[in-house]
Amino acid sequence: MLHYLESPIEFLKGVGPQRGEILKKELGIFSFSDLLQHYPFRYVDRSRFYTISEANEEIAYIQLKGTITRITSVGLKRTTRLVANFKDETGTIELVWFQGIKWMRELLKAGKTYIVFGRPTIFNGKINIVHPEIEEVALQPNANQAVSFGKLQGIYSSTEKCKVFALDSKGILKLQKNLIQGMPSSLNETLSKNILNTYQLISLREAQIQIHFPKDALTLEKAQLRLKFEELFFLQLRLLKSKQIRIEKIHGKLFSRIGEYFNNFYHHHLPFALTNAQKKVLKDIRQDVGSGKQMNRLLQGDVGSGKTVVALLAMLMALDNGCQACLMAPTEILASQHFETITDLMKDMPVKIEILTGSTKAAKRRLILEQLMNGELHFLIGTHALIETGVQFQNLGMVVIDEQHRFGVEQRAKLWMKNDELPHVLVMTATPIPRTLAMTLYGDLDVSVIDELPPGRKLVKTVHKYEANRLAVFGFLKEQIALGRQVYIVYPLIEESAKLDYNDLMAGFESISREFPLPQYKVSIVHGKMKSKDKDYEMQMFKEGKTNILVATTVIEVGVNVPNASVMLIESAERFGLSQLHQLRGRVGRGADQSFCILLTGSKLSNDTRLRMRTMCETNDGFVIAETDLKLRGPGDIVGTQQSGILNFKIADLAKDSAILEKARNTAVELLKQDPHLMMAENNMISEKLANSEKISGNFSRVS
């Protein structure tokens, strides 16, 4: 027998087949349970009455009590609207209907007193309310009280197609009422008594009722806490269980020793001392690879913090234990950068390194694949080309993935499935991830952070300038070039308007070329529409110091290392997100000279944009920037579509609920310590709920 909440949505009173199809297609509501979890996104206070004189479009929703004095139809047949004049002791306002006119005309009576609820708007200089909720005041002592569904009324997300079938917010609220009225008096609990008592959480049934029809603000807060905790707790439990299973069941190559390759490089060829943060990460990696379990570690480190050297030392651990290693990067530019850096660091070591990308010539590719198979090749660095059919390692022991969020899960999996025995996996990102997001996206991974820059590295000075300051900015660039420095000038590139952006870039290039003319200045240009060889040529000219200025799109966001480039000018900086601005700024500050980042914007900026500019100027800390970015944009926009499935929360909000997330994760950790396989009777309901949630959602964050 189907549980009540598992019933198909079309069987709910007020739905039926036609509305059921619309709910499925438009809102993803297939069952009673789906509807119950379609929570209000905000609430309006139906206990407060405004006067008409107080009405203005700054108020999201307004509730009035008054009398209809006149009802008229206005306009021609196709554009008819029904207008009702509504007055109270302070003034008059128009109520307007464009749909359901015949029905509303029959319902409304001049001279009667009504309660009206809706959004005030301005039309032709007058305040009106379009399609308000309206109910006649009953002749009862409590007629001044709000009617309908209680003091706090939920507002639900809907769509235009839903509204055609009267499934706007009010229509959905009515369905919720029907659903809850028929709900069994006992709803299966999903959390243990111990957890409920520890955090003083109300029952699941009470929370589901109060989230839709709260008695008051305090009860609503309790319902939200219960449902947010539940959602985050089961997410964390699922991630931690996944990690537990991997540790218990998936064996990795045992790197039993640190040998000659690692020690020789570390003691004799490493050109600088490691920071304490780098040493700590290496210790974490050493423990992982020496445990006999497969390593799955995420390495976070700000731009320039030294992740590549840590990755190289991890690869040398593999070499010391008779294994090969590879490093995969999302772009040819970044792959080439890693290849050059690692080749230079290894120049005095007997280590054979090659690079494989989409532009590798056929003859060279055949040689690389042959050497890879016979074990002659130690390290292979490349792009997506590494996961193509035919790329086979003799004994792959260490996989390093840079900017891992740019690869899909399936793409990553193809790489380590090239071995009979799973290699160790180190994924790296220079995009700082807020703690709450890291716990959610990568909750089943071990996480290491390099949170300090190499000694002697000067922080980049960042300033915000307006378009009116352009000539002064150009003067500063000329001063820097006269000192022997080089300059990046970056233009935005957004896919949806690529043609417009390309025109902006070319117009900008012409303007820069006029302002910095030959032969005194030499200007290069790099953008995504160029052929690879032309792009490489321009980049090489800039790297060698043969051009003073590199005009580019965001193709230089990662993978460009020119220590002599000390100025980054970002045009139309208001069109970039915080994370991208921080990544671009990371292209300078790599040499001994003081570096600068100039954010150039128009004068008309939103409050959010001003906060982004201020944040960039006030801090170089990528994690502070990431936290601000999370609050401004939300988690889905930060991680992108490939990783966002796990972030489709019903009620939790990572930007606001970090404290609840911490409690939920700590609770899940403690629970698995006490009852690793959830076998205790008191945890039966948790085990059952976990099993059901895994069927529905799968595992979004696994790296291998």
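In this predicted model, the buried residues of helix α5 are Ser169, Lys170, Gly171, Ile172, Leu173, Leu175, Gln176, Leu179 and Ile180. The helices are α1 (16-27), α2 (32-36) and α7 (204-212). The strands are β8 (133-136) and β9 (152-155). Helix α5 covers residues 169-181.

Helix α11 (residues 307-320) packs with helix α9 (residues 260-269). Two packed helices are described by the angle between their axes and the distance between the axes. For α9 and α11, the angle is about 145° and the axes lie 7 Å apart. From α9, the contact takes in Glu260, Tyr261, Phe262, Phe265 and Tyr266. From α11, Leu312, Leu313, Leu316, Met317, Leu319 and Asp320 take part. Nine residues of this contact are nonpolar and two are charged; none is polar.

Helix α11 also packs with helix α10 (residues 276-289). Here the angle is about 30°, with 10 Å between the axes. Angles under 35 degrees count as roughly parallel, and α10 and α11 are therefore roughly parallel to each other. Their crossing is right-handed. On the α10 side, the contact involves Gln278, Val281, Leu282, Ile285, Arg286 and Val289. These meet Val309, Val310, Leu313, Ala314 and Met317 in α11. By class, the contact of α10 with α11 has nine nonpolar residues, one polar and one charged. Leu313 and Met317 of α11 meet residues of α9 and also residues of α10.

Note on methods
Residues numbered from 1 in each chain as written. Predicted model: local features only at pLDDT ≥ 70, side-chain atom pairs only at ≥ 80, totals over all residues. Heavy atoms only, no water. Axes fitted to C-alpha atoms, helices over the stretch in contact; angles between N-to-C directions. Helix = DSSP H or I, 4+ residues; strand = E, 2+ residues; numbered from the N terminus. Contact = heavy atoms within 4.5 Å. Nonpolar A, V, L, I, M, F, W, Y, C, P; charged D, E, K, R; others polar. Expected span 1.5 Å × (residues − 1). Buried < 20%, exposed > 50% of the residue type's maximum accessible area, 1.4 Å probe, protein only. Parallel < 35°, antiparallel > 145°, perpendicular 65-115°, else oblique. Left-handed = near helix turned anticlockwise from the far one by under 90°.
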